[in-house]
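Reader: I'm new to protein structures and would like to go through one with you. Could you put it up so that we can look at it together?

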Amino acid sequence: MKAEEVPQDNGMIGEYGHEVCYAVDENGRYVLSQSLGWEPKNIVNDQAWMVIFKETRRMHQLVQQGKLSSIAYYQAKHQMDIGLLARYTEMAKWRIKRHRRPGIFWRLPERILQRYATTFRISLTELKTIPETFSHEFIRHR
Amino acid sequence: MDALIPFPHHQSAHCESGVTAKAYWLPYFPSAFRFHFNMHNLVVIGREGDHYLISDPVFEKVVRCDRDVLQRARFAKGTLAELCRFRGKDVQRAGQSRRHL
């Protein structure tokens with residue numbers, strides 16, 4: 001791709017500046033070239049975030065209905081599956097699954113809750129609650 | 001903590017360190033890029049107090065990252081995360097080993 005043909009479709013990068021990519025200059029040499037983004041990439045990225053958003057919203061609803069503990073919400077928010085969360089908290093998967101049940105969650109000792117709080121980088125009080133309403137901003141801006 | 005980056009700190013201006021990190025935890029990343037991707041490669045080129053200076057191939061300028069956060073990104077968990085551990089080899093900029101860059 002020639003340097004002047006590098007796509008400049010602003011989207012996912014936003015106000016962060018440019019992405020660096022490689023293109024051919026007029027002498028046929030590869031040079032560093034700045035790009036604002038590429039529309040197909042923006043579309044795919046938006047779709048990926050839509051999946052994360054829907055999953056987190058679903059978990060938010062389930063937690064509000066009292067079917068799951070707040071761990072499920074924060075897990076979805078941080079794009080983690082049970083396996084990854086198990087690796088971060090250094091607990092077995094079956095324990096995570098158990099802790100996702102509200103009845104079990106509320107009886108957990110502080111030292112176990114702290115492991116989740118550290119993983120999600122929130123305080124213990126935050127871990128026990130979830131936001132009242134749910135919107136896009138909770139996902140993208142950490 | 002000082003083992004985070006095997007960096008002779010007293011001469012950090014002459015040394016750089018290749019790091020594989022998880023993009024999700026890197027604070028200077030645009031939020032749209034932040035997924036659990038464990039194979040993001042970057043080069044730490046210096047240190048200022050509690051911040052590391054990073055030359056990241058995605059960005060135009062040198063970016064900064066808090067050392068606690070960089071530790072989190074570097075020693076991340078999940079698929080391919082083990083590879084993060086073995087990339088911390090120092091590369092001396094001055095002198096003979098420059099050719100390996």
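Reader: Is Glu48(B) buried, partly exposed or exposed?

Author: First, a word on the ground rules: this is a predicted model, where local features need pLDDT of at least 70, side-chain atom pairs count only at pLDDT 80 or more, and totals for chains, interfaces and linings use all residues. Residues are numbered from 1 along each chain as its sequence is written, chains are lettered from A and ligands numbered from 1 in the order in which they are written, and side-chain values use heavy atoms, leaving out hydrogens and water. Now the labels: buried means under 20% relative accessible area, exposed means over 50%, and partly exposed is in between (1.4 Å probe, protein chains only). Glu48(B) has a relative accessible area of 41%, so the label is partly exposed.

Reader: Which residue meets Glu48(B) in a salt bridge?

Author: A salt bridge here is a side-chain nitrogen of Lys or Arg within 4 Å of a carboxyl oxygen of Asp or Glu. In this pair, the N to O distance is 2.7 Å. The partner lies in strand E4 (residues 63-66) of chain B and Glu48(B) in strand E2 (residues 40-48) of chain B, so the pair ties together parts that are 16 residues apart in sequence.

Reader: Why do Glu55(A) and Arg58(A) count as about one helical turn apart?

Author: Helices (H or I, at least four residues) and strands (E, at least two) are DSSP runs, numbered from the N terminus. Both residues sit in helix H1 of chain A. They are about one helical turn apart because their separation in that helix is 3 residues.

Reader: What pattern does chain B follow along the sequence?

Author: Chain B has 1 helix and 5 strands. Of its 101 residues, 49% are buried. Reading along the sequence, you get β-β-β-β-α-β.

Reader: Over in chain A, how many of the 8 residues of helix H3 are buried?

Author: Helix H3 covers residues 82-89 of chain A and is mostly covered. Its buried residues include Ile82(A), Leu84(A) and Tyr88(A). They pack against helix H2 (70-77), H4 and helix H6 (110-120) of chain A. The count of buried residues in H3(A) is 6.

Reader: Which residues does Arg95(A) contact, leaving aside neighbours within four places in sequence?

Author: Arg95(A) belongs to helix H4 (residues 93-99) of chain A. With 27% relative accessibility, Arg95(A) counts as partly exposed. Contact means heavy atoms within 4.5 Å. By that rule, Arg95(A) touches Ile112(A) and Tyr116(A).

Reader: Is Tyr30(A) buried or exposed?

Author: You'll find Tyr30(A) in strand E2 (residues 30-35) of chain A. Its relative accessibility is 62%, so Tyr30(A) counts as exposed.
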